[in-house]
Amino acid sequence: MPAEFPDFRLGSVLATSFTATLTERRGDAVERIPTPHRLVDWLAVSGLAVDSCTTAQLELARELREAIHAAATASAVQAALPASAVQVINDRSAQGRAAAVLTPDGRRRWQLSSASAVEDALGVIAADAISIISGERDGRLALCASPTCQAAFFDTSQSRTRRWCDMNTCGNRQKKARFNANQRRKSGPGA
């Protein structure tokens with residue numbers, strides 16, 4: 001990946017990994033798919049390879065990303081789902097023509113209708129969002145405890161008490177901040 005772009009945050013859940021293409025939403029936001037080609041890159045590493053993407057398709061993808069984030073956030077805090085977000089998710093899901101196929105090693109893989117069908121890939125992502133927001137999958141939607149992140153993530157830990165969207169970024173950053181605060185307190189004026 002080109003050095004001028006930030007790394008992708010890839011998780012095990014397609015829909016919430018897709019929402020992580022915009023991070024630090026409450027701080028200095030980091031856009032991880034700033035160009036159509038970058039969306040092609042993300043889709044490829046997510047198992048939804050397409051040949052190309054237009055600027056209009058990138059905008060459709062970003063609209064879906066924000067709709068998933070809004071609906072997942074509402075679900076995580078047990079609020080009503082925003083009607084506009086539900087509509088976008090449903091529209092993208094209905095427009096996709098991807099098929100689930102079984103691989104020889106017993107895994108599911110998505111087969112898009114053509115090599116450049118961004119809409120098909122967005123349909124797969126929307127369908128994944130529907131499955132987690134509707135409660136069809138074992139886990140719970142939660143919000144990252146980082147005050148600058150607040151990303152929605154799908155917690156499949158045994159206790160369902162995970163606090164961070166990604167331990168390697170948000171979790172470590174918060175632990176480091178706590179450690180530094182404790183060190184300052186220990187070496188402060190009363191020490």
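Hi everyone! Let's start with confidence: the protein chain averages a pLDDT of 87, and 91% of the residues score at least 70. Keep in mind that this is a predicted model. Within the chain, confidence is highest in helix α3, at 97, and lowest in helix α6, residues 167–186, at a mean of 72.

Now look at two helices with me. At what angle do α3 and α5 pack? Helix α3, residues 55–76, and helix α5, residues 118–133, pack at about 0°, and their axes are 11 Å apart. Angles under 35 degrees count as roughly parallel, so α3 is roughly parallel to α5.

Which residues meet there? On the α3 side you'll find, among them, Leu60, Leu64 and Ile68, and on the α5 side the list includes Leu122, Ile125 and Ala129. The residues of this contact divide into 12 nonpolar, 2 polar and 1 charged.

Let's stay with α5 for a moment. This helix has 16 residues and spans 22 Å from its first C-alpha to its last, close to the 22 Å expected. Is α5 mostly covered or mostly open? Mostly covered: 13 of its 16 residues are buried. Just after the helix, Gly135 takes a positive phi of about 85°.

Finally, step back to the loop between β4 and α5, where you'll find Leu112. Leu112 has a relative accessible area of 14%, so this residue is buried. Leaving aside residues up to four places away in sequence, Leu112 touches Leu48, Ala49, Val50 and Ala98, as well as Ala117, Asp120, Ala121 and Val124. The C-alpha atoms of Leu112 and Gly123 are separated by 9.7 Å, with the two residues 11 apart along the chain.

Note on methods:
Residues are numbered from 1 along each chain as its sequence is written. This is a predicted model: local features need pLDDT of at least 70, side-chain atom pairs count only at pLDDT 80 or more; totals for chains, interfaces and linings use all residues. Side-chain values use heavy atoms; hydrogens and water are left out. Axes are lines fitted to C-alpha atoms, for helices over the stretch in contact, and angles run from 0 to 180 degrees between N-to-C directions. Helices (H or I, at least four residues) and strands (E, at least two) are DSSP runs, numbered from the N terminus. Angles under 35 degrees count as roughly parallel, over 145 as roughly antiparallel, 65 to 115 as roughly perpendicular and the rest as oblique. Contact means heavy atoms within 4.5 Å. Ala, Val, Leu, Ile, Met, Phe, Trp, Tyr, Cys and Pro count as nonpolar, Asp, Glu, Lys and Arg as charged, and the others, Gly among them, as polar. pLDDT is the predictor's confidence in each residue, from 0 to 100. The expected span of a helix is 1.5 Å times one less than its number of residues. Buried means under 20% relative accessible area, exposed over 50%, partly exposed in between (1.4 Å probe, protein chains only).
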